[in-house]
Amino acid sequence: AAEFRSMGINQIQSPICDVFRYPGRQTMKAATFGENADDVARHVVAMKRGFRDGGVLSMGKHFPGYGSIATDAHKGTAHITKTVEELEREDIVPFKKLIDDGVDGIMVGHVIVDAIDPEYPATLSRTLTTGYLREKLGFKGIIMTDAMRMKAIQDNYGTGTASVLAIKAGCDLVLLRGDEQHFLDGYEAILAAAKSG
């Protein structure tokens, strides 16, 4: 956190709260704190507190959890097929602990939770973003999307449509990273939607 602050960075997209369950996702295995939800929760809370002590805002990701899915959202549409009870016993645990400890932000992932909203990925789902994250878990901080250039979004919606849906779902920030046109597509769609009511 001290190094980030020295460079003028005051907010980061971390810690990773995903509970690693699917052995085929080696990149996820390398990024998470492990397979035990309570251990992951303990580590992400400690990391958040360290960032806070160093003057940096933190953002837990990727709600509601990428750890148990076979498909990488960078490459296609991912589904969580667990029951709500299974999800809450595993994947949601670190997020709930972070929220209870006052995390500043949550990044929502491009994953469809079949048991909650089988139509839209969490990023674009008002049921998950506003209904579950805001209302059920009581999160009052910043909600941000994962990168809108991922194939899970591009193959099904495109930048502009997805950006507007994300705002309508309850996201505060839309992550438009990459080339200038990608940014403009999202920005112009959100601006047009705001102007039209």
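## Exercises on fold and burial

Of the contacts (heavy atoms within 4.5 Å) between residues at least 6 apart in sequence, 74% join residues at least 24 apart. The model is predicted: local features need pLDDT of at least 70, side-chain atom pairs count only at pLDDT 80 or more, and totals for chains, interfaces and linings use all residues. Residues are numbered from 1 along each chain as its sequence is written, and side-chain values use heavy atoms, with hydrogens and water left out.

**Exercise 1.** Compare the radius of gyration of the protein with that of a compact globule.

*Solution.*
- Take the rule: 2.2 Å times the number of residues to the power 0.38, with the radius taken over C-alpha atoms.
- For 197 residues, the rule puts a compact globule near 16 Å.
- The protein has 16 Å, which agrees.
- Along the principal axes, the C-alpha atoms fill a box of roughly 45 × 40 × 30 Å.

**Exercise 2.** Is Leu98 buried or exposed?

*Solution.*
- Set the cut-offs: buried is under 20% relative accessible area, exposed over 50%, partly exposed in between (1.4 Å probe, protein chains only).
- Leu98 has a relative accessible area of 0%, so Leu98 is buried.
- Buried residues make up 48% of the 197 residues.

**Exercise 3.** Which residues does Leu98 touch, not counting those up to four places away in sequence?

*Solution.*
- Locate Leu98: helix α5, residues 92-100. Helices are DSSP runs (H or I, at least four residues), numbered from the N terminus.
- List the partners: Pro15, Cys17, Val44, Val45, Lys48, Gly60 and Val103.
- Check Pro15: this residue lies 83 residues from Leu98 along the chain, with 9.6 Å between their C-alpha atoms.

Note on methods
Helix = DSSP H or I, 4+ residues; strand = E, 2+ residues; numbered from the N terminus.
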